[in-house]
Amino acid sequence: MSEAEEKKGLFARLFGRGGTPAAEAGADRPKKRSWWERLTGGLSRSSQAIVQGISDLFSKRKLDALTLEELEDVLIRADLGVAAAQRIAGKVGAARYEKTIGPDEVRAILAEEVESVLEPVARPFEIDETKKPFIVLVVGVNGSGKTTTIAKLAAKWTGEGKKVMLAAGDTFRAAAVEQLRIWGERLNSPVCYAPEGADAAGLAFDAIKSARERGSDILLMDTAGRLQNRTELMAELAKIVRVMKKAEPDAPHAVLLVLDATVGQNAIAQVDAFERTAGVTGLVMTKLDGTARGGILVAIAEKYGLPIHFIGVGEGSDDLEPFTARDFARAIAGLDSDAEADEQNA
Amino acid sequence: MFEGLSDKLSGIFDKLTRRGALSEADVAEALREVRRALLEADVALDVVRTFTDSVQAKAVGANVVKSVSPGQMVVKIVNDVLVETLGSTAQPIDLDAAPPVAIMLVGLQGAGKTTTAAKIAKRLKERHGKRVLMASLDVKRPAAQEQLAILGRQVEVDTLSIVPGQDPVKIAKRAEETARREGYDVVLLDTAGRTHIDEPLMEEMAQIKAVSKPHEILLVVDALTGQDAVNLAKNFDDRVGLTGIVLTRVDGDGRGGAALSMRAVTGKPIKLIATGEKMDALDEFSPQRIANRILGMGDIVALVEKAAAAVDQEQAQRAAERMAKGKFDLQDLADQLAMMEKVGGFGGIMGLLPGVAKMKEQIASANIDDKMFKRQRAIILSMTPKERRNPDILKASRKRRIAAGSGAKVEEINKLLKQHRQMADMMKAMGGGKGGGMMAKAAQMMGMGGMQAPSPEQLAQLQKKMGGALPPGAGPSIPAAPPASAFSAKPTLPGLGGGGGFLSGLNPFGKKK
């Protein structure tokens, strides 16, 4: 949910002659929106939907089975998944059955529940400085936003004074290498690449060697998008990991799975398959700036307990933020943004 | 795609069909499970409600409880409602307008618009003989325009020259002018990905529409999209008025919720589905077929089509004739293995067969994979023609030679020979009998007469039959599908009633592990 001015800024950055994006980003946003504002902005639609639903439900009647079922539906609509929705609806029902319960109370319980699930997995991404280069492999299905996420991470870490190298490991999709090279130019980061159709595993090997020679702090390795049920493509990913270990025995030091927030319950299958093949160490959820979404993170956290490191709430190169359970839970439940929600509901 | 949902549903319906009589409570219980299965498959909640209500209403009206086979009746009603939900008839892309016909693709970031553009262009060029011009209006994502240009070269379709810095509306105008001037039939506009709440970009999209007056505006949607699919489609439709939907990543293992929701929510037809990364992996959307697949009946029609395209008809006929006589030598086996590969490997076939959902675990535990078939073929190809026709002459020294030639072990050759013997025996039992062999019976059942490979008309007829009211569990119809040689090794699939001879017959390496 960027404003028009920001859009222009981003636009200019994209098609200007490169330059130092970090400085430009600063100039574009004299008054940077706080992380909280942007998260609630991104999630507001989803929380509004939930808030509206809950308000409708509980301002009217007593808590009975039908009401609970409807609460479950509201949560399902937010992509929490049937199991998580049932559990949370059950929590709300426990000890409150046949009692009148206000919307605020339900919201608080919802936030609490979501937070309790997400709290253990909200862990910041840690770069082990003793590993040089610190090798990060980025994986995910097609179109989940891997390359853009890499650009955002590179911008973030470059801004923190780290030397970042990018490896354009998507040798399959047309112009994917080009896309990362353009980002590399903008960020002044070296990009290791091979021609389209080249072996990504070979590129990974070369990139690690090259990053070592250049003394890079971090190597960010892009990969081609692959659907998790395509065994041949998953085998290729396994090979990339294997070959990386030949160049650096404990590589990759981190494997980030990029999940698209618009994906529904299939995200669980994605986590499952990529975890098995590439040993995912953490998650990044992108595209949280649309409507009703984000609930799937609750289901994933319940099932896998994998750390959620970042969420993407916009298209700007700094629209990637560390994940915080409390903020996310409260934003989803519509707490602390009541004024805004009420305003828009009115 | 859809397997997860079809697994669930077939489980639910199994319970129903097994019972002789059904009470209303049974039906209600089944519908509750259907509801949950649909929700887990990401079908939009409102669509699920309408769906179950509609089934319920029809089930009561049809007097399910009193009907002869109540379970079957419910399955049929669900099937009908499913088809209704998906849109009853297939609707292809409409090019019926004065050229250049503009087609505009819109959607979220990462939905697959650019790849889809190239696929559609290739299809229009090759199947409809159209001259197509593609233009990328995506000035947001780095290298997006280059991507389309590269894909254009791959599929040999022209793309509009890239003018750096030009805005999307101007590019759209330039595309239209170029297409008119240079006599293109179709101009395909690939737009930047946008979220439906991003006001400036939605406005830009409306402007592009005003400039290029597209005849088709297709929303490209990831088939893996969750509950948000509904909002997405509604918002895009409100702003530009969609004419249809293209579902991408249908080859994923999502449960197809978006497919079910889209049509119901927007009332717009799903026109195409993208089923893979290759440039020709684009199919027309057939509601009937998808409904069959969701209900776990397998996509028999797709199988027939796919096989018909891949299988050399003459070869198939030769093989079928030989088999009808009960003959089956190593060359036939090698041909079958080769055909299997063409049709998409073992996994490809199995995914399309009805009832397979149930035997997935069995397959996994049997450790069958396509590599094994390749190795078997390699062994056979290392034999002389004489040896292939007459395996009995294979003695120790010949086997050693073959082992060296194919990089296999002698034991593997023995296993292959043993397996072949079993299969040959099976063939004899099936084909050799007096006119009443299983194969012949199966063929008769399908109204195909003898054991010849079918003519195109017969194929069409067969498809019609199979697309229609084929009862679930009609196992023997599969081997009768035309490329008899490709499938005849498995007259009965385990789980479909019958002896389960297939897995034991065709799996020499995995069996003894």
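How many residue pairs are in polar contact between chain A and chain B? In this predicted model, the count is eleven residue pairs, both members having pLDDT 80 or more. On the side of chain A that touches chain B, at least two residues each come from helix H1 (4-15), helix H4 (65-77), helix H5 (82-93), helix H8 (176-187) and helix H11 (266-278) of chain A. Sorted by class, this side of chain A comprises 18 nonpolar, 14 polar and 14 charged residues.

The contact as a whole draws 46 residues from chain A and 40 residues from chain B. Between them, the two chains bury about 3,900 Å², with 55% of this area on carbon and sulfur atoms. Of the area that chain A buries against chain B, 13% is supplied by Arg77(A), Val82(A) and Leu227(A), more than by any other three residues. One salt bridge is found across the interface of chain A and chain B. Arg230(A) and Asp251(B) form a salt bridge in which the closest N and O atoms are 2.8 Å apart.

Within chain B, eight strands make up an open sheet of mixed pairing, ordered E3-E2-E4-E1-E5-E6-E7-E8. Strand E3 (158-159) and strand E8 (282-284) of chain B are the edge strands, each pairing on one side only. The pairing of E8(B) with strand E7 (residues 270-274) of chain B is antiparallel and extends over three bridges. Leu272(B) has Glu284(B), in E8(B), as its bridge partner.

Most peptide bonds are trans, and most residues other than glycine have a negative phi. In chain A, by contrast, the peptide bond joining Ala251(A) and Pro252(A) is cis, with omega about -15 degrees. Pro252(A) belongs to the loop between helix H10 (231-247) and strand E5 (254-260) of chain A. In chain B, a cis peptide bond leads from Pro99(B) to Pro100(B), its omega being near 0 degrees. Pro100(B) is placed in the loop between helix H4 (70-86) and E1 of chain B. Lys287(A), although not a glycine, has a positive phi of about 60 degrees. This residue, Lys287(A), is located in the loop between strand E6 (282-286) and helix H12 (296-304) of chain A.

Notes
Residues numbered from 1 in each chain as written. Chains lettered and ligands numbered in written order. Predicted model: local features only at pLDDT ≥ 70, side-chain atom pairs only at ≥ 80, totals over all residues. Heavy atoms only, no water. Contact = heavy atoms within 4.5 Å. Buried area = accessible area lost by both parts, 1.4 Å probe. Salt bridge = Lys/Arg side-chain N within 4 Å of Asp/Glu carboxyl O. Polar contact = N/O pair within 3.5 Å; in protein donor to acceptor, adjacent residues only side chain to side chain. Helix = DSSP H or I, 4+ residues; strand = E, 2+ residues; numbered from the N terminus. Nonpolar A, V, L, I, M, F, W, Y, C, P; charged D, E, K, R; others polar. Pairing = 2+ DSSP bridges.
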